[in-house]
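Here is a short report on how the chains of this assembly are arranged. It follows the helix contacts and then the symmetry.

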Number of protein chains: 6
Amino acid sequence: MPYVNIKITNEGATAEQKAQLIAGVTNLLKDILGKNPATTVVVIEEVPTDNWGIGGESITARRKRGQ
Amino acid sequence: MPYVNIKITNEGATAEQKAQLIAGVTNLLKDILGKNPATTVVVIEEVPTDNWGIGGESITARRKRGQ
Amino acid sequence: MPYVNIKITNEGATAEQKAQLIAGVTNLLKDILGKNPATTVVVIEEVPTDNWGIGGESITARRKRGQ
Amino acid sequence: MPYVNIKITNEGATAEQKAQLIAGVTNLLKDILGKNPATTVVVIEEVPTDNWGIGGESITARRKRGQ
Amino acid sequence: MPYVNIKITNEGATAEQKAQLIAGVTNLLKDILGKNPATTVVVIEEVPTDNWGIGGESITARRKRGQ
Amino acid sequence: MPYVNIKITNEGATAEQKAQLIAGVTNLLKDILGKNPATTVVVIEEVPTDNWGIGGESITARRKRGQ
């Protein structure tokens with residue numbers, strides 16, 4: 001019955017990539033901890049780059065500098 | 001002073017339903033635990049069906065199969 | 001398939017009270033939004049009063065003042 | 001390596017204000033706890049006023065009453 | 001720069017299993033979305049079975065019934 | 001009415017430091033966004049180093065290597 005919340009910046013992840021992520025994380029929890037996939041919940045949240053900071057500045061600012 | 005975060009898929013919950021949910025959860029916390037409604041915070045987040053997985057697949061995929 | 005996270009201060013909620021909260025929130029989501037209880041997940045987190053702030057001060061400080 | 005999640009209502013915070021918030025919180029964690037800014041992550045989430053409740057009612061309802 | 005929060009019940013996951021989970025999720029995000037492992041954060045939270053509900057009842061109650 | 005969740009590793013933050021963090025974050029939200037301190041909630045969570053990963057490995061493993 002695990003619950004997994006994945007936050008990423010909203011920079012174009014496709015439905016197919018998100019489906020792979022859901023399947024992959026669910027499998028990891030089954031393989032490593034024996035968790036039941038039927039009750040494993042995965043929620044992906046996509047966050048604007050203005051709203052995500054690391055190193056004290058936004059991802060928007062970092063992308064402008066080429067990082 | 002509880003904080004409650006409710007995540008649901010974005011499948012058309014109305015403002016009225018969300019208001020009922022906020023009132024209902026706040027009352028439960030007062031009735032069961034004696035928590036003060038004035039400082040009880042409820043935040044509802046609506047998540048696209050591509051971004052929600054259970055059983056290793058997205059809700060989008062489940063809906064297509066009629067689940 | 002909703003996911004609900006309830007954070008409260010760790011001031012002695014009993015297992016019975018937590019069971020009532022789980023049942024109550026699950027029923028609310030069924031009654032208001034038609035959500036399936038079988039896949040409704042509720043996680044309660046109990047937080048030390050030193051670690052919870054409101055109004056710019058900790059709950060520990062507020063309790064000392066009789067609030 | 002702290003992780004900070006800030007939830008506010010979506011009532012017009014600008015990119016500049018969000019950048020100030022990211023910088024300010026990162027500095028606080030360095031100054032108070034000696035945390036390394038390079039691995040301090042700040043994520044800001046903006047929530048519709050229909051989806052945020054306090055005192056058992058939505059912010060939308062409170063705003064209508066002039067609060 | 002993804003942030004991943006994994007919540008499981010506190011039923012004896014070992015440090016080794018948690019290390020495998022951290023490595024596995026970080027690799028998935030690199031392989032599927034090209035995310036940089038150096039800034040991928042994974043936080044695992046272990047929740048008492050009294051505090052986790054599914055189907056309207058606690059995991060403690062379910063375990064007593066042999067589920 | 002902002003809600004702020006701060007996650008740090010459990011490596012000895014004192015009650016005094018946590019009180020400073022609560023006051024500091026509440027002030028930032030007032031100064032930058034005009035948010036009312038009376039309804040600003042700050043919750044600090046302290047996570048064991050085995051349960052926190054960055055760069056694909058746990059903080060426990062990083063600390064052993066002197067990082």
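**Helix pairs**

Helix α1 of chain A passes α1 of chain E in a right-handed crossing. This is a predicted model. The two helices, residues 15–33 in each chain, have axes that come within 10 Å and cross at roughly 160°. Angles over 145 degrees count as roughly antiparallel. α1(A) and α1(E) are therefore roughly antiparallel to each other.

Which residues of α1(A) make the contact? They are A:Gln17, A:Gln20, A:Leu21, A:Gly24, A:Val25, A:Leu28, A:Leu29, A:Ile32 and A:Leu33. From α1(E) come E:Gln17, E:Gln20, E:Leu21, E:Gly24, E:Val25, E:Leu28, E:Leu29, E:Ile32 and E:Leu33. By class, this contact of α1(A) with α1(E) holds 12 nonpolar residues, 6 polar and no charged.

Chains D and F also pair through α1. The crossing of α1(D) and α1(F) is right-handed. Their contact includes D:Leu21, D:Val25 and D:Leu28 of α1(D). On the α1(F) side, F:Leu21, F:Val25 and F:Leu28 are among the contact residues. The class count for α1(D) with α1(F) is 12 nonpolar, 6 polar and no charged residues.

Chains B and C give another pair. Are α1(B) and α1(C) roughly parallel or roughly antiparallel? They are roughly antiparallel to each other. Their crossing is right-handed. B:Gln17, B:Gly24 and B:Ile32 are among the residues of α1(B) that take part. In α1(C), the residues include C:Gln17, C:Gly24 and C:Ile32. Here too the contact of α1(B) with α1(C) has 12 nonpolar, 6 polar and no charged residues.

The axis geometry of the pairs is set out below.

| Helix pair | Residues of each helix | Axes come within | Crossing angle |
|---|---|---|---|
| α1(B) and α1(C) | residues 15–33 | 10 Å | roughly 160° |

**Two-fold relation**

Next comes the symmetry. Chain E can be laid on chain A by a turn of 180° and a shift of 0.0 Å along the axis, with an RMSD of 0.0 Å. The two copies are thus related as by a two-fold rotation axis. Which C-alpha of chain E is nearest the axis? That of E:Asn5, 2.6 Å from the axis. The same surface serves both copies, since 100% of the contact residues of chain E recur in chain A.

Chain C and chain F are related in another way. A rotation of 120° superposes chain C on chain F, with 0.0 Å of shift along the axis and an RMSD of 0.0 Å. That is the relation of a three-fold axis. In chain C, the C-alpha of C:Glu45 is nearest this axis, 5.8 Å from it.

Why do chains C and F meet through different surfaces? Only 8% of the interface residues of chain C are also interface residues in chain F, so the copies meet through different surfaces.

**Chains that do not touch**

Some chains stay apart. Chain C does not touch chain D, and their nearest C-alpha atoms are 13 Å apart. Chain A and chain F do not touch either; their nearest C-alpha atoms are 13 Å apart.

**Confidence**

Chain A averages a pLDDT of 96. In chain A, 100% of the residues score at least 70. For the complex, the predictor gives an ipTM of 0.97 and a pTM of 0.97.

Definitions and conventions:
Residues are numbered from 1 along each chain as its sequence is written. Chains are lettered from A and ligands numbered from 1 in the order in which they are written. This is a predicted model: local features need pLDDT of at least 70, side-chain atom pairs count only at pLDDT 80 or more; totals for chains, interfaces and linings use all residues. Side-chain values use heavy atoms; hydrogens and water are left out. Copies are superposed by least squares on the C-alpha atoms of residues with pLDDT of at least 70 in both. Contact means heavy atoms within 4.5 Å. pLDDT is the predictor's confidence in each residue, from 0 to 100. Axes are lines fitted to C-alpha atoms, for helices over the stretch in contact, and angles run from 0 to 180 degrees between N-to-C directions. Helices (H or I, at least four residues) and strands (E, at least two) are DSSP runs, numbered from the N terminus. Angles under 35 degrees count as roughly parallel, over 145 as roughly antiparallel, 65 to 115 as roughly perpendicular and the rest as oblique. A crossing is left-handed if the near helix is turned anticlockwise from the far one by less than a right angle, and right-handed if clockwise. Ala, Val, Leu, Ile, Met, Phe, Trp, Tyr, Cys and Pro count as nonpolar, Asp, Glu, Lys and Arg as charged, and the others, Gly among them, as polar.
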